[in-house]
Each structure stands twice: as structure tokens, then as C-alpha cells.
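Hello,

Here is the structure for you to look over. My notes follow below it.

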Amino acid sequence: MDYNEYMHQVVCVKGVPASAAELELRDDGTLDDEWVTYELNEWDEYALEEAVSIREGVGGTVTALMVGDRAKEDLVFRSLAKGADRAVRVDGEGLDQADTFAKARVAAGAIDDMDDPPILVYTGLQAADTANAQFGGTVAATLDLPFTSFIVGVEYEDGADVLTVRRELEGGLEERRELEIPAVLGIQTGLNDPPYASIREIRAARDKPVVERSLDEFGLGPVAVTEMAMTGVNRYFEPEVEDAATVFEGDPDETANELAETLVELGVVR
Amino acid sequence: MVLVLAEHRRGELRDVSFELLTKADELATASDSKVSVVLLTDERNGLVDPLRPWADEVLVAEDPVFADLSGDAIRQGLGHLIESREPDTILIGHTSQGLEFAPRLAAQLELPIVTKVEQCRRENGEFLAERSVYDDQFGAEIGLRNDGPPLVTIQAATFPAGEPPGRGGSVVEVDLPVDTAEMASAFIEYLEPETGTVDIAEADVLVSVGRGIEEEDNLDIVEDLAAALDADIAGSRPLIDNGWLPSDRQVGQSGKTVTPDLYLAIGISGASQHLMGMKGSDTVVAINNDPNAPIFDIADYGIVDDLFDVVPALTDRLTQEISTQP
């Protein structure tokens, strides 16, 4: 990929169920998502805000890229309301059921096909629903771009050919690394303060450009997407509970009272 | 052969390495196979011997290129090894190190990858993994749709390491060429964790607060409860992300592992990344208005109600209990 003089940043965003409680497990081990409402994946919101804040510093364009997520169209406008300049949505049969690997390949295809190749491609470290944490690395592999993840800080100087990132390791330890760009980034939560988008802002965002692409344009149909899959969910199940908690019943005074007495009996209150 | 990547940092093997080896031993025993562990390092001192009882062979690639543990170097080194040794399963930590390179390596080698694995086995030769999804409200059984050995990243603290199986591994030097032109990042420095006045890892009683607290100002009721219990305050990731608690108060994968006598979780749903940091607590109490919150699966006692009603009532009651005790 060549990269242009102006700063184009792409942020991959995904819709996830606002509450897992709305999902129902069917007898055959599949999930019924008929009643689910979707929100932007939290990690992607941080990624989007990071791209927007860098654009505020050095200019350029931020594109929100959504793969599949047909039913979640308003999330495109939500991304635009939160500061993206334009959106690209890739849709096609079979995409919603595709595995992370296949979706990442499609996203990489859409990025590679952009007239203005991005300097930074952002992905959330993981999505709240599947928690796979595979998407960014797979996009990077497909585009053959540098990649790192667990990013909790980004330092970018206008015109530089490297980026300094702060990565979260375990147990509170972090590291700083220099990364060649263009690059793909896996963003961890907490590195900025994503804004709330009001209904008015989401409505106003409908005036921003949204480019619709279909799988066919990349020569990928439903069969190709299915064949790309490396793994699949055989079944979903209710997690096993070893020892259910003793749940105190009653109004707050009664339950608080029982809990307090239990803590005293256990000897943890001294 | 089950291949394990030994994870280490700053001259020490990380616990997750032995957890991976614990699982590898089980998988290899079940399929009458062997365990190989690979150590990619610039300095092997002290790292090789602890691995030997856990594996049939310890493959050591000692090369300055592995000095800063860059994902690009590990990816290339492990990639060569997978292609030359043809393991049937590759176990990697579901960690900042593992996730930096593993998905990319899988894509490059066109091998299947299953991440955040909490259980896995082979059934008639078929690899099956289990992992929790959707905020840990459901489990998912994952199968492979592609031939080839799976890369499996294992959630830390899932397979506690006991005594080593005594495989008495031989040490084998391996040469894993790494193309430095393919290394796109360079290590600058470590940033040490903030150290406050309280070390929650040492606390006997912890009042731990999560997203359910809604607003920073609402922390008052938690502070009152902590005072009544003579407890320290900890929190889950969203509290730290919001800057409402200092980062050294975080419990979980990216924070600290705590083992208090009492862990009182307030408004914490209990995602697995959080649970792994506190499941060693003696007694766990959860207060949450969502009866399906996974925290209740690990709690000993629970109250399903509005924390803004229960917590002040509990503080009052405890204050009375304590003042009336002989």
C-alpha cells in the first residue's frame, strides 16, 4: 500500500448486544437474538475516540468501517455522531454468521480497496460478545502491516513514520514501544474518554457519507465466506455452577441484616 | 506432540507457562503423545531447568533477537517451529504477549485459532474447546472447520499448576531464524505500576466496586461500608478506566490477584477477566441487581437488589453489630 500525505485513519467498529440477558438459549444449542438491541463495542468506542483526537491534532479523515451487522444500521450513524467523517459498510449473505477470521479478511479487503490507504487502522482489542481478540491481528496479517495490541496510549507526531504506543502487560506493568506505520492497532479500554452521542447528534450524522459495499464486489459470496471459516461454534450452553450462592431474600433492611449477621458469624467482622 | 510456548518476562517464567504445561500434560497423556515446550529468549539463565520436569523436551532458541519479546520475533520463531515439528496442538497464554502475535501467526500459516480457552480436549481425534462468551453468560463449544493443528490461547489461572509430572525433559538447542526486517516495533521501556499506600493483594477484607455504582460521587456509600468493615477498596476495570479509582486498586487479569478472607463485590457483574483475579478469596459476597450476573456463580452469599438500598443498610447494620460486640 502507498500512503497518502494526508492522514487517513480507519476504525473498525462492531455492534454487540447491549445486554446478554436479552439472548435466549434455544434447546438445539443456538442463541435467539430476536429481542437483542445492539450498541457499539466498548473497545471500538475508545478506538474511535483515539482516531478522532489524533485527527483533531493533525487533520485528515476518520472512516468507520463496519463488516456485516446488517440489523445494526443505526450504529453506523452512532459512529459518525461520535466523530467519524464517513462510514463504509460491507454487507453480504452469510457475513453475520462468519467467524472472526472470515470477517477480518473481508475488512482487510475493504481497506485494501480504499482509494486513500489509511495510515492507521484501529480495532478494539476484543469485542464484548465473543471476546476473541483475533480480529486486529488477522486484518494486519492480510494487509501485511505492523500490528500491536493492548494499547493504552498513542503518541503520534505529525508526519512521523513511527508511532509510540503504550501497551498494557499484566499486573499493572506497561511497556512503551515504537511501531512503524502504516499499522494496525488493537486498542484496550481506558486510554481516553469516549463521548456520549445524543439523539440529535445521531440524527445529524445521517448527513455524513455512508458508502455501502457488498461482498460480491470483492468476489466473495456466501459460500466463499463459509469456506473461509477456520472455526465454528458447535453449540452454546448455560455455564455450570458448582455451588450456587446463598441468596438472602427480603427487603434491603432484611437482606442487609442477614448478611451482616452471617459476616459476624464467619468471624470476618471484628 | 503438544507444543507449549513458555512465557517469561524480565528473567522469570510467568505462572501461565506452568498452567499451559499442566494442560499440555493432560492432553498428551490422553492421546499418548509428548509435550514439547519452547523457550525463546536472549538469556536462558534460570529459565530452562524449571521447565524440564514438565516436558519431554525443552526446545531452547537463545538469540539476542528475542531480547525485547517483540511479537514479530516470537511469531517468526514459533512459526518456524510449527512448520518443522508439526505439533498437533499449540498452547499459548491468552495474554498481552500471546494475543499480540498468535492471531496473526494463525492467519499467516492458515491454521485455526481458538482464543480465551477455558477447557479443551480431543474426542475421537477431533479438537473441541470451551470458552465463555457474551459477558460470560453463556458457554460456547468451538470446533475446527479447517484441517491443521489449532493454536489455542488459554485463559490465565484456568489450569492451576500443581506438582510437575516428572517428564524429565531433554534440552534441545534449536535455531529459529528471525528476519529483523520483519520486526516493525522496538521496545523502549517498561513503565512500573503505580504504587499507592495500600496493596490490595495483602488485604484481609476488600470491598470491591464495579460498573453498577454508576457515578463517581456514589463511591461515598462504598467508602462508608469499607470504613465499617475496616476494609480496603478495590475495583473492576471500568472504575479504573473512568479514573474513579487509582490503577493499583484494579482486580483482575490486567490488575492484581487478590486472596482476602472476605471479598465483597458491589455492582460487579463478574466477567472472567475479573473473576480470575479474585477467585482465591475465602468468602465472596455479591450485591447486584442482576440475578444472572456471573459473579453469583462464584459467590458464597448474595443479595439480588439495588445496591443503593442495600449498601447503606448493610453499613448501618454492621456499625451496630460491631459496637454491640463484647
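Accessible areas come from the Shrake-Rupley method with a 1.4 Å probe, and for residues only the protein chains shown count as cover. On that basis chain B exposes about 12,700 Å², with 43% supplied by carbon and sulfur atoms.

This is a predicted model, in which local features need pLDDT of at least 70, side-chain atom pairs count only at pLDDT 80 or more, and totals for chains, interfaces and linings use all residues. Residues are numbered from 1 along each chain as its sequence is written, chains are lettered from A and ligands numbered from 1 in the order in which they are written, and side-chain values use heavy atoms, leaving out hydrogens and water.

Chain B has 326 residues, of which 59% are buried (under 20% relative accessible area, 1.4 Å probe, protein chains only). Its C-alpha atoms fill a box of roughly 70 × 45 × 35 Å along the principal axes.

Chains A and B touch through 84 residues of chain A and 82 of chain B, a contact being heavy atoms within 4.5 Å. Between them the two chains bury about 7,200 Å², 55% of it on carbon and sulfur atoms; buried area is the accessible area (1.4 Å probe) that two parts lose on being put together, summed over both. Arg104(B), Tyr134(B) and Phe138(B) supply 11% of the area that chain B buries against chain A, more than any other three residues.

The interface also holds 8 salt bridges (a side-chain nitrogen of Lys or Arg within 4 Å of a carboxyl oxygen of Asp or Glu). Arg235(A) and Glu141(B) form a salt bridge at 3.4 Å, N to O.

Regards

How values were computed: Buried < 20%, exposed > 50% of the residue type's maximum accessible area, 1.4 Å probe, protein only.
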